Amino acid sequence: MKEGPGWPYYARPIPGEPAPAAGDIAAVRARQRDLGVPEALEWIDELVPELLATARRAGLEVREAPLMVLGDGRWRTPDPPDGITVRLLAPGDPSLAASGAVAHIAFGNPGTEVGEAGPRERDESAVGRSAIELDFLSERIRNGLTQPVVAEDEDGPLSGGSHQMVGSVSAIVGVATLPSARRRGLGALVTARLVQDARERGADLIFIEAEGEDVARIYARLGFERVGTACIAEPAA
């Protein structure tokens, strides 16, 4: 069973081994249920192309996300709009809970269209953030494993995201904007600050998974180039 703080990871194919069959997927899902973790499988389509059809036949819904790497060309850093500050979050920062709430609300309302959910919903969700999880995140920040960034106004975070360093490679993850604050370039601002911090820490490879083609076009304007497709498989609703 999952115990304590942290995030449960998805299952992945073993590099160099044959693609998982339907029986393998069923066995993995049963084990995930036994452990009390989400039934989830992720892989890079170009490395295991036959797995996409197998996963769908097994009853899983598969989201195909553009996998993008920061190119060698010029990086474009957008200018923030008036009243917006972009900053790194430190361990114990009061905005850690609100930043997590932004992601929770944004990914619950996918897409790039402007919506109604905003600061009120963010603050209500932030109240429910676990102190144990926030302490865990603060420890990861101290150890240089995760670095969150927010774009905020005087009332708090409107957009946020993180990058996670492993050696000289960094993954930009969880970039999200409150629906009410979309179409203002805040996600691009957060991404730019994350790239800057990753580079300052020595990253020479920076990658990101776009939520979809619309988001991929935004990252492309910033200097990211598509290199593949990340497949995320979960049980159908």
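Helix axes are lines fitted to C-alpha atoms over the stretch in contact, and angles run from 0 to 180 degrees between N-to-C directions. Helices (H or I, at least four residues) and strands (E, at least two) are DSSP runs, numbered from the N terminus. The model is predicted: local features need pLDDT of at least 70, side-chain atom pairs count only at pLDDT 80 or more, and totals for chains, interfaces and linings use all residues. Residues are numbered from 1 along each chain as its sequence is written, and side-chain values use heavy atoms, without hydrogens and water.

Confidence (pLDDT, the predictor's score for each residue, from 0 to 100) averages 93 over the chain. A score of at least 70 is reached by 97% of the residues. The lowest mean, 90, falls in helix α7 (residues 213-222), and the highest, 98, in strand β4 (residues 146-153).

Helices α3 (residues 95-108) and α4 (residues 119-127) pair with axes that come within 8 Å. They cross at roughly 115°. Contact (heavy atoms within 4.5 Å) joins A97, A98, A101, V102, H104 and I105 of α3 to E121, R122, S125 and A126 of α4. By class, 6 of these residues are nonpolar, 2 polar and 2 charged. Nonpolar means Ala, Val, Leu, Ile, Met, Phe, Trp, Tyr, Cys and Pro; charged means Asp, Glu, Lys and Arg; the others, Gly among them, are polar.
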